[in-house]
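Reader: I am new to this one. Could you walk me through how to read it?

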Amino acid sequence: MIPYFSREDVGPILHYLGKMIEGIGVLMFVPFFIGVLNGEWGPSIDFILSSLFSIALGSVFLFIFREEKDLNWRQGMSVVTLCWIVVMFLGALPLYLSGHYLSYLDASFEAMSALATTGLVVVNDLDHMSYACNFWRHFMCFIGGQGIILVALTFFVRGGSAFKVYVGEAREERIMPNIIQTARFIWLVSLTYLVIGSAILFSINLWRGFSPGRALFHAICLFMAGWDTAGFAPQSQNILYYHSYLIDLATAMFCLLGAVNFGVHYAVWTGKPRELLKNYELKLYVASILITFFIVCIGFKAPLPFPNFISFFRESFYQLISAHTGVGYSNIDTHNFSYWSPLAILGLIIAMGLGGSSTSTSGGIKILRIGILLKGIKKEVKIFTSPGATVVVEKFHHIRDIIIEDNHIKMAAIITLLYIALYLAGGMIGVFYGYPFLPALFESVSAAANVGLSMGITSPFMPAGLKLTYIIEMWMGRLEFFSIFVFFSFLLSLKSSE
Amino acid sequence: MKKIGFILIIATLFSGTVGASKNREQLKITPVSTLFEEPSLYDGQRLTVQGEVIGDIMKDRETFWINIKDGDFFIGVVINNFQREEIRYLGRYGVRGDIVKVSGIYHLHCPLHYGERDIHAEQLEIVESGYKMQETIQRDRIIIGLLLGIFTIIILPYSHRKSIQKGTDGQQK
């Protein structure tokens, strides 16, 4: 029997929520200092104001809901679900104050897009945005990509509550025996790559004539958004702004790294590089990239609208990698999709829908689940074709050897079905607002799988209802449904107990 | 003799008119949006666009890239070193970039630049010089910030102190 929520659950949930709110307020000091360093006094005031508001609000929560005790599963899930919504509203505050957004809804859309590492944008005149505000957009990608909860786990949450909130944020694997150690390892990997990746991008930018300050700013922003598979860029044109195949190459590499399971990173870091060759999910990922690229290729009918093969490869393969890793970087204008055939676009939609690896920063169904489903089908076929008493065992290697159980298949099937339902629902709402089916489906999958590629529907001028739809899709897609379902059951049980 | 002189003057004026109209034709400004809405119509054509130079000037072998913003549309322009020196202001936070008029060849998929959509500039003219903008600081935000600061200073230590005390009690129960 599913235990009901009671009013006693409210206190611990809001207590931990207060801690998270305070945390986000503290993080706003980073863009504040960037603003001060650059002499951007207006944006600096906006950030200190937003920061103080968040800290004050968090303190009020902690003051009213003083009881601190270990969370149970349903409380942990509810904290995560609420936390993402509240952080979205608070993260949107400095964005809205910057004057680059038409409404608070737009600022919230951008904040959720950053936190959920989607990368869809509704900003106005990004090219004249302050460094502080622009950095905040990318920093939110980093916070969200690592996991808001992961950030909190490292600093605030103790004891038995840790694993409950960690799982609530769509991460199931303990890379290390202790969940706090796992959180710290994820930070270590990310910060190491941040230094290396930013150094590479910084060198390219400097060589191309950027001033050192701007070279560093662009490098850090691009890396944070690439590694965390968000796909934001400091300029409106995204990657196209740089007109550089070196930047294309470097960002594509970071996208791929970000979409690899942290467990695989851990194995390689601890001297087990053979995991790269043995890992079932990684092998399947490579196969999936090749298959979807094949679909995109055959989608382009002769004569190709490109002067040579390199041009074709640069445009098609970059968009595919961007789609499949869930990054959403683009080195073309959205209008270029006008000469992509429906089949080529379908190839991208499939790639976006499948997503990257589990326990990585990318979204979508995730390759491991597809792998489990394939193994499940194989197992069922074997059962049908084997003599009655035969025990059929299917296993795969993912960090360790795993025997497929019915529970694995059931969970993978449920999540896959939920994603497909979410993709279709968003697509149908897009059609309801008058957009053609394929672009509407493309945009919906892009939002729900936290990708960020756009065929042009997403803009400050799209209907408010559609903005709200995509916010919900980004939120549900990032948290992978269950913590949200638990939270809604909490709300319903509160109502029924009145 | 007078007749010849009259004919020469008419011919000169006429040729001037033709030249001017030819020049006008060449300098007719094409909105950047049309290059995206009807891309193949302009592919390989000589045209003129106008817009604000934003961001950075980026080196690419012997040439440089700039990005021009015309409304909500952007186009990459390849310029040479002399043209680069003309540009003084780049559009950023607090800076309105130079408004430039660029004449050159438009490519939907440039064979020299790995298929990029670009314009190879032949002429670049500063139509309107950029400038630094005055930052406006809203006084009401400073006041709200101060009030929030005072409130936070008061409540922050108190809420945390209470939290620990109550938490210990809770565990003992």
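Author: Gladly! Let us begin with contacts: two residues are in contact if their C-beta atoms, placed from the backbone, lie within 7 Å. In chain B, 58% of the contacts with a separation of 6 or more are between residues 24 or more positions apart. This is a predicted model, where local features need pLDDT of at least 70 and side-chain atom pairs count only at pLDDT 80 or more, while totals for chains, interfaces and linings use all residues. Residues are numbered from 1 along each chain as its sequence is written, with chains lettered from A and ligands numbered from 1 in the order in which they are written.

Reader: Which helices and strands does chain B have, and in what pattern?

Author: Helices (H or I, at least four residues) and strands (E, at least two) are DSSP runs, numbered from the N terminus. Chain B has five helices and seven strands, and along the sequence they follow α-α-α-β-β-β-α-β-β-β-β-α.

Reader: In what order do the five strands of the barrel close?

Author: Two strands pair if DSSP finds at least two bridges between them. In chain B the barrel order is S1-S2-S3-S6-S5, with mixed pairing. From one strand to the next, the twist averages 55°, an angle between N-to-C directions on a scale from 0 to 180 degrees, with axes fitted to C-alpha atoms.

Reader: How do the neighbours of S6(B) run, parallel or antiparallel?

Author: Take each side in turn. S3 (residues 73-79) of chain B runs parallel to S6 (residues 116-128) of chain B, joined by three bridges; Gly76(B) is partnered with Asp118(B), and Val77(B) with Ile119(B). S5 (residues 99-110) of chain B is antiparallel to S6(B), with 10 bridges, and Gly104(B) has Ala121(B) as its bridge partner. S5(B) and S6(B) form a hairpin with five residues between them, and Tyr114(B) in the turn has a positive phi of about 50°.

Reader: How many residues of chain A are in contact with chain B?

Author: The contact joins 45 residues of chain A to 45 residues of chain B. On the chain A side, H3(A) gives the largest share, 14 residues. That side has 21 nonpolar, 12 polar and 12 charged residues, where Ala, Val, Leu, Ile, Met, Phe, Trp, Tyr, Cys and Pro count as nonpolar, Asp, Glu, Lys and Arg as charged, and the others, Gly among them, as polar.

Reader: What share of chain B is buried?

Author: A residue is buried if 20 or more other C-beta atoms lie within 10 Å of its own. Buried residues are 31% of the 173 in chain B.

Terms used:
Buried ≥ 20, exposed ≤ 12 C-beta atoms within 10 Å, placed from the backbone.
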